[in-house]
Amino acid sequence: MIEKEAMEVAAILLKRRAVIVNTESPFTFASGITSPIYCDLRQLCAYPLERERITELLAARISETAAEVVAGVATAGIPWAAWASSRLGKSMAYVRDTAKGHGRGRQVEGVIEQGSRVVLVEDLTSTGGSALRAIEGIREAGAEITRSYSIFSYEFEKAKEAYRDANVELVTLCGVSNLLGLAVSQKLIEPSQEAAVRSWLASDPMSQTGS
């Protein structure tokens with residue numbers, strides 16, 4: 001992660017309220033977990049200038065590899081993979097959580113040849129579960145994948161360990177530490193709110209879901 005670029009992405013996420021901190025009225029996830037921080041990076045699709053800048057940064061990092069295909073995790077990773085692959089002139093595919101139960105029964109949609117070099121894109125890294133299942137699907141299709149990208153990460157240690165175990169490097173444009181630090185410096189949140197979010201993150205909340 002390049003610090004200057006990470007802070008630029010953090011500023012975009014805060015400006016467009018793609019990440020919100022609210023310690024007084026925590027958010028409730030579908031799993032039932034309550035959280036003082038909420039991420040909805042789909043918000044960025046509404047803002048052409050910001051999404052173009054993030055696509056530019058993402059494409060620049062992908063261009064460091066010899067990737068032939070940019071794959072997106074369904075569904076939130078699909079637009080970012082499409083925009084980045086178009087910018088780079090590369091093939092694009094997307095990967096479902098599981099194979100379809102009808103039609104051709106595919107998990108990977110698009111053309112991924114045996115032995116092709118693929119990178120994966122998602123919008124948010126929390127536990128890493130969805131991306132890692134997508135990585136398995138890509139490998140089962142006979143392709144090579146050693147790197148995965150996300151725009152924002154909660155920076156959970158278990159997720160980092162899971163990627164290491166899968167022999168995949170996780171590249172994140174912006175981590176939660178960058179965002180919290182910037183939010184405090186811009187007086188968007190109080191230091192006590194930052195501390196509350198960091199405490200929540202350290203409690204390993206996602207382990208409660210078994211995901």
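**The second largest pocket**

Modeller: The lining of the second largest pocket is made up of 7 nonpolar, 5 polar and 5 charged residues (nonpolar: Ala, Val, Leu, Ile, Met, Phe, Trp, Tyr, Cys and Pro; charged: Asp, Glu, Lys and Arg; polar: the others, Gly among them). The model is predicted, with local features needing pLDDT of at least 70 and side-chain atom pairs pLDDT 80 or more, while totals for chains, interfaces and linings use all residues. Residues are numbered from 1 along each chain, and side-chain values use heavy atoms, without hydrogens or water.

A pocket is an open set of points on a 1 Å grid over the protein atoms alone where a 1.4 Å probe fits, with protein on both sides within 12 Å along at least five of seven lines; lining residues have an atom within 4 Å of a point. The volume here, the space filled by probe spheres set on the joined points, is about 280 Å³. Of the 17 lining residues, Ser153, Lys160, Leu170, Val171 and Thr172 are the closest to the centre of this pocket.

Two elements, helix 5 (157–165) and strand 10 (169–175), each give at least two residues to this lining (DSSP runs numbered from the N terminus: helices H or I, at least four residues; strands E, at least two). Strand 10 provides the largest share, 5 residues.

For comparison, the largest pocket holds about 650 Å³ of space. Its lining has 27 residues, and Asp123, Leu124, Ser126, Thr127 and Ser130 are the closest to its centre. By class, that lining has 11 nonpolar, 11 polar and 5 charged residues.
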